[in-house]
Amino acid sequence: MHVPVVGSDDAESCHHDGAERKSHHSDKVKSSLISRLNRIEGQVRGIKGLIERDTYCDDVLNQIASVQSALNGVGKLLLEHHLKSCVVERIQEGDTDVLAELMTTMNKLIK
């Protein structure tokens, strides 16, 4: 079982009691994820405004690429923390089904 370091700002764990699964991200990680998502949300609203103002397609497509890159960054950060906490915990508990679940998720992320 994963035992977070006492006093560590990066302490994370996963809980999977029955059918309900939850992650607990440290305040630092959660704040970083939310901050990134807030910026992405603003970028998406900006793209909507570009469309409404009939902005040149190439400019809109470049903004879309920027949002996709930002979302990939959030996904990578979340994946890293998932691997270091949830996946490791479940493997240590003998639950190797987590590997098939991880592969399915990674295939969705990289298509």
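In the predicted model, Val-60 touches Ile-47, Leu-50, Ile-51 and Thr-55, not counting residues up to four places away in sequence; contact denotes heavy atoms within 4.5 Å. The model is predicted, so that local features need pLDDT of at least 70 and side-chain atom pairs count only at pLDDT 80 or more, while totals for chains, interfaces and linings use all residues. Residues are numbered from 1 along each chain as its sequence is written, and side-chain values use heavy atoms, with hydrogens and water left out.

Val-60 also belongs to the largest nonpolar core, which has nine residues in all: Val-29, Leu-33, Ile-40, Ile-47, Leu-50, Val-60, Val-67, Val-74 and Leu-77. The elements giving two or more residues to this core are α1 and α2, and α1 gives the most, with five residues. A nonpolar core is defined as a set of buried Ala, Val, Leu, Ile, Met, Phe, Trp, Tyr and Cys residues joined through side-chain atoms within 4.5 Å. Buried means under 20% relative accessible area, exposed over 50%, and partly exposed in between (1.4 Å probe, protein chains only). Helices (H or I, at least four residues) and strands (E, at least two) are DSSP runs numbered from the N terminus.

Four salt bridges are present in the structure, a salt bridge being a side-chain nitrogen of Lys or Arg within 4 Å of a carboxyl oxygen of Asp or Glu. Side chains of opposite charge can pair when their charged atoms come close. One of the salt bridges joins Glu-41 and Arg-45, with an N to O distance of 3.7 Å. Both residues lie in helix α1 (residues 27-52), where a spacing of four residues separates Glu-41 from Arg-45 by about one helical turn. Glu-41 is partly exposed, at 45% relative accessible area, whereas Arg-45 is exposed, at 53%.

In helix α2 (residues 57-92), Lys-84 and Glu-80 are likewise four residues apart, about one turn of the helix. Their side chains form a salt bridge with an N to O distance of 2.8 Å. Lys-84 counts as exposed at 53% relative accessibility, and Glu-80 as partly exposed at 34%.

A further salt bridge pairs Arg-90 with Asp-95, the closest N and O atoms lying 2.9 Å apart. Arg-90 is buried, with a relative accessibility of 11%. Together with Glu-101, Arg-90 and Asp-95 are linked in a network of salt bridges.
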